[in-house]
Structures are given as structure tokens and as C-alpha cells.
Amino acid sequence: MDNKELRFNLNTDQPLIARGVPSQRVLEIALEAPVAAQQNTHPPLNLALVLDRSGSMSGEKLEYVKRAAVHVLDLLQEQDRVALVAYDDEISLLSPSVPVTAENRVELKRQISRLEAGASTNLSGGWLAGCQEIAATAKSDSLNRALLLTDGLANAGITDLEELAQHAKELSRRGVSTSTFGVGEGFNEHLLEAMANQGGGNFYYIASPSAIPELFQREFKELAAVTAREVRINLIIPAHVHAQVLGGWQMEQKEGNLTIFVGSLYAAQHVDIYLKLLMPQSDGLDRLEFHADLTASDENAASIQLHAEIVFEYASLQTAESAPKSMPVLERFAAVDLAETATQALKLERMGKNDRAGQILKQSIAANAPFLPAAQVDLFDDMAERMKRGMAENDRKSSHYAAYNQKRGKEK
Amino acid sequence: MMTEKYLIHELAEIAQTTVRTIRYYTDEGLLPQPEIHGKYAYYTSEHLRRLELIRQMKEAYLPLREIRQKLLNMNETEINQWQQTYASPRQVAEKTDEGIKISTEPGASAKAYIARLMGNQEGKAAAPSVPITTPAVSVPNAAKELPIQSPPPSYSIVENWQRIDLAPGVELHVQEPLDAEKDSRIRQLLRYAQKIFSSNI
């Protein structure tokens, strides 16, 4: 069914809550982006390809990176712009941001072909240089994004995860988003995921370098299909309600106001964001109302403003507990909750806390199993066992990537 | 223009919002009541302007409560001033050394942010991470020692939390890395916890 407007709804597993004791509920923020108004055109893209050429990238890996970059250049058109940055411990601006005309495309490809592997990895330097180029040429209707590719650890420049994630967030608020591509086993998946989550972009794990071109293309396709931008949801949380947002979304909480920065949505994209709510006992109230406002820009940079609400009504404990729960909401929530715990467990496993990692994952599996298909339960059970034994590096990375995709509701 | 009148669905279409939203804002006092003529409610360009202003204030992260306050209390001049300083990401106010600068270039804000960052980077030496050297605290009844810190992992991870068992089913969560002062307080806390959980109530 063709959806010409952004859809925005709030759902829950059960709208009745107990008067006398705190109730735990799930809040689902369901978004669906509209289809594109015009086919065969895309918003002007303003990209920077930030490519790792540190020593470890030599040989086959670098060849695939070059191929991927060339591939993206072939997909871009004259109304798009691209900048090329290569980095090791030095930053090379292979090309400032230029329109992708036929002539420029030839020169850009020539620059790419000359890429050679070098020294250590100043990831932050390369990334910021790319963002700078984008910022210098941003237009009011361009979609601005840095595509950061690396195969190793940031070991020069800014290396702290929290700091880099913070900068990614600040830049995304100022109109420059970031997607990250991690190749092989040597990069820090938690760093790249954090930069992508806070940067309003996507994270990709590239196990085999031959997949690089395909994943660059996937990113391009998403960008080309964006129909809603700067999607922001402001949720007013009633007093004494405790809310926890799952999925790693960029957000801000000021008193009873929770703002979630969703970023860009492409045509017909579904995004579901889950909150765990702990509702207080009724203090003379009959109901708790949750109001949410969504703001975004559409394809023509016109502003979209939507409102949604959901009401929870107080009832006796027995009525609230025996009322039927929405299985579809709980099933979708369970998948995200489990993936979120898996990410935490993977961090613990990486730190050497294998038993603890396996334990928290098993607890989450047990809690969510009633709402998940058996295959999912088995998959994560097996993961928990592998955590207890200690995981191989490629297992850590592919498990992390699987959990990331499941948290964000992406298809693999 | 000032005498333009809109029905609610027309206003919704022009302002790129929904009838539901307009009714909600009216209920919340963010929009004035429409004029009723017979069975129709008419909205004016003033409503349109307000809707735009509300959008701008939301983009500046103001909660609805504050927006309502501002709309009630600010006059025309004050509203214009507010818009000059804070309105829309396209027209961003950046705090610079010369005071608040307003730029109309789309990428200006990001550019300013990166420039500041790179300026800071040049003057900054890498801050050394604080190594935790505290010895383990042992609980008499427990078979094992309580390690406060294992050697730092090879790279940093968001939210590095250490779980320390105080007793069966009771944990203390400590965010790493710890500075020396916090570390010493935590050791005090652990000694105290040890007393509580090993004493008879």
C-alpha cells in the first residue's frame, strides 16, 4: 500500500495499569516513512568518502576499497558532490568537495587508483577532514553524510570512543551525519557503532573485503531514497514514570521531556523504537497520558509536524494483570530487548568477563523466550554458550553486527 | 494576506501538519481559538505564523511547556529577536569569541564546530588514562577475592561498567575508569558492605 505521508503511532502491550503497585509496560513508537513523490530522482547528495589507507589495509583490502569508491562515483550524478579523504597517520585530501561531473569523475577515479597503504590510523583526523569538506559545500537541500571506512583501531588523533561519539552527535545536529564501515577483525565495533548511532547514520560490518562495494551501494541506495529528514520525536513523560529507551538511539532527556533523534528515513522505511516504562502507583489519578510530537522535513524541505498520544488507565491489580496483552507488540519488543542485552553481553565478553556475559544473555533469553520463535531462542542460547567459552574475533564481530541490525530493525 | 481565512484542514495542509495536531495545540493553549461562524471554524494567517514559530521552537529543543510560556508572554519584538537568535538549523547562531554570530549558510554551524575542535586538538596533549592500582578487597565469608579492576581492555568501550559482588544477589556497579579519590571511597564502601553482610541481624 502506497503511503504518501509519514505515519507516526504510539502502541503498548497493555493500556491498563495497576493502581496499587508499579506496572511495567512497553511503549512502541512506530514510524513509517512515506514513499517518494517522484521516481528516478534523488535529493542532491553531499558526501565524503573517508578511506583508511593505514598499513594493515594493504593488498586485497585496499583493492576492494578502491573498487567500492569507484562504484559509488558511478552512482553519483552531476547534482551530487563528493570529497575524497585518505588517511593513515597523515590526512590526505585527495579531492575537496566537487560536483560529480564527467570530468571530475575521471580525476577522482585517478586519485583513487593511486591510493597506497601507509602507516598508523588517525581515524578522527580523516573523518573530520571529510566532515569539513561536506560542511563547506552543504546546501539547504543537500543530504550531507560522511562515509567512514576503517579496518583498524584509531590509534592517532582523538581515540576515545565517548569523545568521538559525542562529536558525531554534535555534527549530526548541525546537519552532517556519519555512517561507518568496519572491515575485517581489527577495528573497534563498539566505536564504529557508537559513531553511527550518535551520528545519525548506519554501521556496516564487512567480514570479507569483497563485500565492500555491495555495502557502499546499499548505503547509497538508502541515501538516494530518503523521503524524511531530521526526524525528531519529543515525548512528554508524565511525572514519576521511569522510561528507558532501547536500541542506542541518539537522545536527550530534560526533566520530563525525552527527545529522540531518529535522523533520515528512506521511502517506506519502518522504524520501531521501544521504551521500557515503569508506571508509578496511582496518586489519585485515573490515567496517565503520553504525548509525542514529531518534527521532520520532507523531500521538498517543507516541515512535517505530527502528534500522537497514548493513554494508560488505572485499574485494580487483578484487572490490569489479567487483561490480554498485545502479542505483536511484545514479540517485536522481545527481539529488540534481547539484541540490546546481547550487545551489552558482548562488551563484557570482550573484557574477559565470559561467565557474566553468558549469564546476562541467558537471563534475557529466559525472560523473552515466550515471545520469540524457537529458532531465535536457539540462536542466542548458542551465542551465550560461546560467550562462556570465549569467542573468536570474527564471531564477536558478526554477533555484534547481528545484534545491531536486530536492535535497529534492519534487514540483514 | 491578513484577511486570509482557512478551514482547519486547509491550515493543516499549508502548515504541513495534521488536523489532530492543530486541535491538540489549541487545547493546550499554544494556538488561539479559531473564529466560529455558524458551524465552521476559521483560522487566520496568525495561526499559520504561530505554527511556524512552534516548529522553530521545537527544533531548538524547547519543551511544549516553555513554548506555551513564551507564546503567552513574548510580544512581537521579542518573538522576532528570539527567531533571529535561535530559529532553524538553516540560520544558526554560533557563539564565537566575537559574541553570537548568525550565519545563513547551511553548513556554517558544522564548519564552526569542526574548526573549534581542530583548534583545540592542536594545543592538547593526549591525556593519560588513570591506571587503577588498588589491591583486591577480600570478604571473609567469600571464597574469592573481589577485584576492583582488571587490566584495561585493549580499546575503550562505551559505558565500561564493573560489577562487584557484595553478597549473593547484591551487586555494586562501578563505571570505569576510576580516579584515585573515587577508588579509595569505593574501597571504604566495600569494607562497610563487608561488615553489614557478614554481621547477624
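# Briefing: the A/B interface, ring pairs and salt bridges

Glu28(B) is partly exposed, with a relative accessible area of 28%. Here buried means under 20% relative accessible area, exposed means over 50%, and partly exposed lies in between (1.4 Å probe, protein chains only). The structure is a predicted model, in which local features need pLDDT of at least 70 and side-chain atom pairs count only at pLDDT 80 or more, while totals for chains, interfaces and linings use all residues. Residues are numbered from 1 along each chain as its sequence is written, chains are lettered from A and ligands numbered from 1 in the order in which they are written, and side-chain values use heavy atoms, with hydrogens and water left out.

**Interface between chain A and chain B**

- Contact, meaning heavy atoms within 4.5 Å, involves 57 residues of chain A and 45 residues of chain B.
- The size of an interface is often given as the accessible area lost when the parts come together.
- Chain A and chain B bury about 4,400 Å² between them, with 55% of it on carbon and sulfur atoms; this buried area is the accessible area (1.4 Å probe) that two parts lose on being put together, summed over both.
- Within chain A, the residues that lose the most area to chain B are Arg174(A), Gln305(A) and His307(A), which together make up 16% of what that side buries.
- Helix H4 (residues 161-173) of chain A supplies the largest share of the side that touches chain B, with 8 residues; helices (H or I, at least four residues) and strands (E, at least two) are DSSP runs, numbered from the N terminus.
- By residue class, the chain A side that touches chain B divides into 22 nonpolar, 14 polar and 21 charged residues. Ala, Val, Leu, Ile, Met, Phe, Trp, Tyr, Cys and Pro count as nonpolar, Asp, Glu, Lys and Arg as charged, and the others, Gly among them, as polar.
- The count of salt bridges between the two chains is 0, a salt bridge being a side-chain nitrogen of Lys or Arg within 4 Å of a carboxyl oxygen of Asp or Glu.
- There are 5 residue pairs in polar contact between chain A and chain B, with both residues at pLDDT 80 or more. A polar contact is a pair of N or O atoms within 3.5 Å; within protein, one must be able to donate a hydrogen and the other to accept it, and residues adjacent in sequence count only if both atoms are side-chain atoms.

**Salt bridges**

- Over all chains, a search of the whole structure finds 30 salt bridges.
- In chain A, Glu170(A) pairs with Arg174(A), with the closest N and O atoms 2.8 Å apart; Glu170(A) is buried at 18% relative accessible area.
- Glu393(A) and Arg350(A) form a salt bridge with closest N and O atoms 2.6 Å apart. This pair links distant parts of the chain, 43 residues apart: Glu393(A) is in helix H11 (residues 393-407) and Arg350(A) in helix H8 (residues 327-350) of chain A.
- Arg350(A) counts as buried, at 16% relative accessibility.
- A network of salt bridges links Glu189(A), Glu349(A), Arg350(A), Glu393(A), Arg396(A) and Lys397(A).
- In chain B, Glu28(B) forms a salt bridge with Arg68(B), where the closest N and O atoms are 2.9 Å apart. The two residues are 40 residues apart, Glu28(B) in the loop between helix H2 (19-27) and strand S2 (35-37) and Arg68(B) in helix H4 (residues 64-73) of chain B.
- Arg68(B), at 24% relative accessibility, counts as partly exposed.

**Aromatic pairs**

- The whole structure holds 12 aromatic pairs over all chains. Rings of Phe, Tyr and Trp (its six-membered ring) pair if their centres lie within 6.5 Å; planes under 30 degrees apart count as stacked, over 60 as edge-to-face and the rest as tilted.
- Phe181(A) and Tyr204(A) are stacked, at 4.7 Å centre to centre and 10 degrees between the planes. Phe181(A) lies in strand S8 (residues 177-183) and Tyr204(A) in strand S9 (residues 203-206) of chain A, 23 residues apart.
- Phe181(A) is buried at 0% relative accessible area, and Tyr204(A) is buried at 3%.
- Phe290(A) and Phe312(A) are edge-to-face, with 5.4 Å centre to centre and 70 degrees between the planes. This pair joins strand S15 to strand S16 of chain A across 22 residues, and both residues are buried.
- Phe187(A), Phe203(A), Tyr205(A), Tyr401(A) and Tyr404(A) form one aromatic cluster.

**Positive phi outside glycine**

- His240(A) has a positive phi, near 70 degrees, and lies in the loop between strand S10 (226-236) and strand S11 (242-245) of chain A. His240(A) is exposed, at 71% relative accessible area.
- Ala301(A) has a positive phi near 60 degrees and sits in the loop between strand S15 (287-298) and strand S16 (303-315) of chain A. Ala301(A) counts as partly exposed, at 43% relative accessibility.
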